[in-house]
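Have a go at each task before you read on.

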Amino acid sequence: MLYIVESYQSGKALKEEIESRGIPAWYVELWGNYIVATPPGTKIDGLRTPVKAVVELKTDYQLVSRQWKRDPTPVVIGDREIREGKIFIIAGPCSVETEEQILTTARAVKEAGADALRGGAFKPRTSPYTFQGLGERGLILLSKAREATGLPITTELMDPEDLPLVAKYADAIQVGARNMQNFTLLKKLARPGKPILLKRGFGNTIDEWLLAAEYVALHGNGNIVLVERGIRTYDKTLRFTLDVGAIAYAKQHTHLPVIGDPSHPAGDRRYVIPLALAILAAGADGLIVEVHPDPDKAWSDAKQQLTFQQFEELVAKAKALAKALGKD
C-alpha cells in the first residue's frame, strides 16, 4: 500500500503512526512525491495523519509499478537522459585494461554516436584465475576517458564496501546479474544518489527482477534503469537466451526505463547486432554493448565484443529502426 502525503513532516508522522500499530512502514521521497509504503494489502483505517491519496496495488512491486505512476520516469546519467521515445546507447569494453585501450574506445564510440561509456574496473569472473579488473586504477582510467570525450561513465559494483569508491568516479552504477539479489547491496544503493543500472539475473524471473528494483526504490533511490541481458535456459546454442518478452512486459508494467544488453546473450559478436535490433523492436529505451579496439586480444569476453566498425554498423541500424518506430 502506498500513502501519498503533503510533506516530509506528514510522511514521518504517518510512518510513526503506522508503526505504532505494529505494521512495517517506509518513508521515501521519490519522483516528486512524499510516500509512505507498507506491505501490499495492509490498508489501514482511521489514520490521524492527513493523507492525499491511498494507492492499493495488486502487485508486490509497488513503487516501480506503472499502475500508479503512469508517466514514464526519465533517468539522468551525467548530462544525458534515458527516457521513453529516445534510444540511449552505452558502449565500451567489458574490462578496462590500459589507458590507451579505454581512451581509444571512448573516442571511437563517441564518434559513432554512443551516449555513455561502459567499462569494468571490478569484474565478477567464474574462474578465480581469470582477470578480475584493475580496481581503482580502472576507475581512474574511466575518469580520464570521460575528461577526454565528455561521455558519462558507468561501471559495475560488486562489493558493498566498494560503494563509496565506485560512486566517487562513476556517473552511474551497474548491478550485475550475479548481484541482482544481493539485498545488502541493493539497500545501500540510495546513499550516493547515483543512477542504478539493474541487470536481470540469468536465473531470475521477471517478478524477481522488478522486486530487486523495488528494493532500491524503497530505500530511497528512484533513478533505476532495468537491463535485460539474457537468461539461462535448456538451449545452449547461444551463451544465454535473450528474453525480449521480459522487455515488453517491463515496459508495460513499470514506469522505469528499460534497456537491453545484446552482448551477453549472444556470446559471439556475429549475433550481437541482430539481438540489439530485437531488443529495440521489443520496446527498449536503449542498449548497453561491449566494444573493444581489438576484441580477439581482450582480457575478458573476447568473443562477444564488437569491433569499432561493427559498432558503427549497429548504431546506424539502431537509428534507422528508431526512426521507423517513431523514436529519436
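Predicted model: local features only at pLDDT ≥ 70, side-chain atom pairs only at ≥ 80, totals over all residues.

Before you start, one definition: a pocket's lining is made of the residues that have an atom within 4 Å of a point of the pocket.

**Exercise 1**

Solution: 
- Step 1: Look at who lines it. There are 25 lining residues, and the closest to the centre are Pro124, Arg178, Arg239, His264 and Asp301.
- Step 2: Sort the lining by class. You get 11 charged, nine polar and five nonpolar residues.

**Exercise 2**

Solution: 
- Step 1: Helix α6 (residues 206-218) gives the most to the lining of the second largest pocket, namely four residues.
- Step 2: By class, the lining of the second largest pocket has three charged, three polar and seven nonpolar residues.

**Exercise 3**

Task: Work out how helix α2 (residues 99-112) and helix α10 (residues 308-324) are placed relative to each other.

Solution: 
- Step 1: Two packed helices are described by the angle and the distance between their axes.
- Step 2: For α2 and α10, the axes come within 9 Å and cross at roughly 25 degrees.
- Step 3: Angles under 35 degrees count as roughly parallel, so α2 and α10 are roughly parallel to each other.
- Step 4: For handedness, α2 passes α10 in a right-handed crossing.
- Step 5: Find the contact. From α2 come Thr104, Thr105, Ala108, Val109 and Ala112, while α10 brings Phe308, Phe311, Glu312 and Val315.
- Step 6: Sort the residues of this contact of α2 with α10: six are nonpolar, two polar and one charged.

**Exercise 4**

Task: Describe how α2 packs with helix α3 (residues 136-149).

Solution: 
- Step 1: The axes of α2 and α3 are 9 Å apart, at an angle of about 35 degrees.
- Step 2: The crossing of α2 and α3 is right-handed.
- Step 3: On the α2 side, the residues that meet α3 are Glu99, Ile102, Leu103, Ala106, Arg107 and Lys110. Their partners in α3 are Arg137, Leu141, Leu142, Lys144, Ala145, Ala148 and Thr149.
- Step 4: By class, the contact of α2 with α3 has seven nonpolar, one polar and five charged residues.

**Exercise 5**

Task: Go back to α6 and describe its packing with helix α7 (residues 244-253).

Solution: 
- Step 1: The axes of α6 and α7 come within 11 Å, and they cross at roughly 45 degrees.
- Step 2: α6 and α7 are therefore oblique to each other.
- Step 3: α6 passes α7 in a right-handed crossing.
- Step 4: Ile206, Asp207, Trp209 and Leu210 of α6 make the contact with Ala246, Tyr249 and Ala250 of α7.
- Step 5: The residues of the contact of α6 with α7 come out as six nonpolar, one charged and no polar.

Note on methods
Residues numbered from 1 in each chain as written. Heavy atoms only, no water. 1 Å grid on protein atoms, 1.4 Å probe; cavity = no way out; pocket = protein on both sides within 12 Å on 5 of 7 lines; lining within 4 Å. Nonpolar A, V, L, I, M, F, W, Y, C, P; charged D, E, K, R; others polar. Helix = DSSP H or I, 4+ residues; strand = E, 2+ residues; numbered from the N terminus. Axes fitted to C-alpha atoms, helices over the stretch in contact; angles between N-to-C directions. Parallel < 35°, antiparallel > 145°, perpendicular 65-115°, else oblique. Left-handed = near helix turned anticlockwise from the far one by under 90°. Contact = heavy atoms within 4.5 Å.
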